[in-house]
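Please open the structure in your viewer and keep the selection panel at hand.

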Amino acid sequence: MSPKISFRDVVKTYPLKSTTFTALGQVSLDIGDREFVAVVGPSGCGKSTLLSMVAGLVEPTSGTVTVDGAPVTGPGPDRGVIFQQYALFPWLTVRGNVEFGLKLAHVPAAERRRRADHAIELVGLADFADALPKTLSGGMKQRCAIARAYAVDPEVLLMDEPFGALDALTRVQLQDQLLDTWTQERRTVLFITHDVDEAVYLAGRVVVMAARPGRIHRVIDVDLPYPRTEEIRLSAEFARIRNDVWTHVYHQSPAGSAA
Amino acid sequence: MTVVTAPEKTPTTPQAPRGARRTVHPLVFNLIALVLAIAVWALTAAAGLADIPGPLSVSSRARELLSDGTLTEDALASLQRVLLGFALGTLVAVPVGFLMGWYPVARGLLEPYVQFFRTIPPLALIPLVIVLMGIGETPKIFVIFLAAFMSCVVAAFQGVTGVDRTLIDAARVLGASDRTVFLKVVIPASTPFILVGMRIGLGAAWATVVAAEMIGAQKGLGFEMVHAQTYYDVPTIFVGLISIGVIGLVMDRLLLLAERRLTAWQERR
């Protein structure tokens, strides 16, 4: 089966005063249809750059990024993005935010309303549909952002450290909710995080990256069944995989030695 | 020294005075400040410390000017100039500011002019403007226009450049074109900046009108004050000054109210 998302020899460099800074050096990775892939790595390893390329917000310096075999040329509603800073439009209500993408797609009003309400319901914000973002907590803001992405029904969900700014309890709740909706309506998910536990708990495959230059250090399969529960989180197998990932994240060989 | 004995009455009214003190409306203090200022003014005048009229003679002069219609006429004349100049200034400043913020080329072309003319007080242009445009309404409105434009254009420009990058990205990944990003994200996101710019612009316009009227006008608060100066009519000058202050304050409050309404979505810290 052909991959949903494919990185081929992707390099990203930024010009500096006298030299060039290599954010990503020669990354190749295939992500299958409806697969949940998490990317972990130290800061500066280019994991967010990887996501921005699929989103069409950043262009690779060389190499190709394809979705469904077609090179990415810009952003589009087939790829939903969830940002760490929520990025809600503060002047719109929860419903206004969720309907934003549907309006752009010229979805008729009644249908728009129905789909927005469905997405709002899915993330448990039905009671806050008419609230402005400033009245919501961080967790609720992020749930609204998730509903906004779901509403346009993207095939690919790109999540850039979405739960990074939340407290531990809210984070776990949103992780469970995300898995819940993912098992109901499977999409391809590329999930960036610096939290090893989060990566292992959510993903079917964890990509460990290294920094300077940003590159893939190791790809680790997570052979844990879905739906994942508290029991799995506490299992010995989970601990084993987490330790494996942890080791590769925090005890990487010195920069530059990898090919 | 005697030993301090415990007060016996305290338990009966424990928290009441403190609670009452907290609920005093801040307006009460504003009012006290106002009364105090008038009292100081009255005392200074009565004691002959400065050769100024007291509140009573000024208010009776104000009554005279009101009853013969001069004050109303002057205030309306000044207001009309300010509002016209301010409206024109804002109307031109917002699109120009947007243009400068959105297109680097427009910014490169326009910014030198804006930065240069911003350093020249609009009043300094009056001699030139009178030579070029005469002493009718046009030069006055032009100077006010310039004062409002300069304050507002910078605010609009900064509003656009200050729009959160992730908000623009969020709109683009949902399928927004450049045009949609501008209309649906940049404009609402920069509204708070523009409204602040408008407030500063209105203040600048009001300050300018009075000065502009001091040079060749037939009506207006500024004209009336210069006119009174030639007759040593100090009470009238006081009436003019107070009217300028009160009208300026009212206009500022009105814009502040509009700002609060239009940007109620903002997170205030």
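A residue is termed buried if 20 or more other C-beta atoms lie within 10 Å of its own, exposed if 12 or fewer do, and partly exposed in between. The model shown is a predicted one.

**Stop 1: positive phi values in chain A.** Select A:Glu161, in the loop between strand E7 (156-160) and helix H5 (168-184) of chain A. A:Glu161 is partly exposed because 19 other C-beta atoms lie within 10 Å. Its phi is near 45°, a positive value in a residue other than glycine. Next select A:Ala87, located in the loop between E6 and H2 of chain A. A:Ala87 likewise is not a glycine, yet has a positive phi of about 55°. Is A:Ala87 buried or exposed? With 23 other C-beta atoms within 10 Å, A:Ala87 is buried.

**Stop 2: the open sheet of chain A.** Display the six strands in the order E6-E7-E8-E3-E9-E10; they form an open sheet with mixed pairing. E6 and strand E10 (215-221) are the edge strands, each pairing on one side only. Direction ignored, neighbouring strands of this sheet are turned by 20° against each other on average. Within E10(A), A:Arg218 stands opposite A:Val208.

**Stop 3: two cis peptide bonds.** Select A:Pro213, in the loop between E9 and E10 of chain A. A cis peptide bond, with omega about -10°, joins A:Arg212 to A:Pro213. Then move to A:Pro227, in the loop between E10 and helix H7 (230-233) of chain A. Here A:Tyr226 and A:Pro227 are joined by a cis peptide bond with omega about -5°.

**Stop 4: A:Thr135.** This residue lies in the loop between helix H3 (109-122) and helix H4 (138-151) of chain A. A:Thr135 counts as partly exposed because it has 13 C-beta neighbours inside 10 Å.

**Stop 5: the contact between chains A and B.** Chain A contributes 21 residues to the contact and chain B contributes 15 residues. On the side of chain A that touches chain B, strand E6 (79-82) and helix H2 (94-104) each supply at least two residues. The residues of that side comprise 15 nonpolar, four polar and two charged.

**Stop 6: helix H9 of chain B.** Select residues 178-213 of chain B, which form helix H9. A straight helix of 36 residues would span 52 Å at 1.5 Å a residue, whereas H9 spans only 45 Å between its end C-alpha atoms. Centre the view on B:Thr191, where H9(B) bends by about 45°. A proline, B:Pro192, follows within four residues.

Methods: Residues numbered from 1 in each chain as written. Chains lettered and ligands numbered in written order. Predicted model: local features only at pLDDT ≥ 70, side-chain atom pairs only at ≥ 80, totals over all residues. Contact = placed C-beta atoms within 7 Å. Nonpolar A, V, L, I, M, F, W, Y, C, P; charged D, E, K, R; others polar. Expected span 1.5 Å × (residues − 1). Bend = angle between axes of the 7 residues up to and from the residue. Pairing = 2+ DSSP bridges. Axes fitted to C-alpha atoms, helices over the stretch in contact; angles between N-to-C directions.
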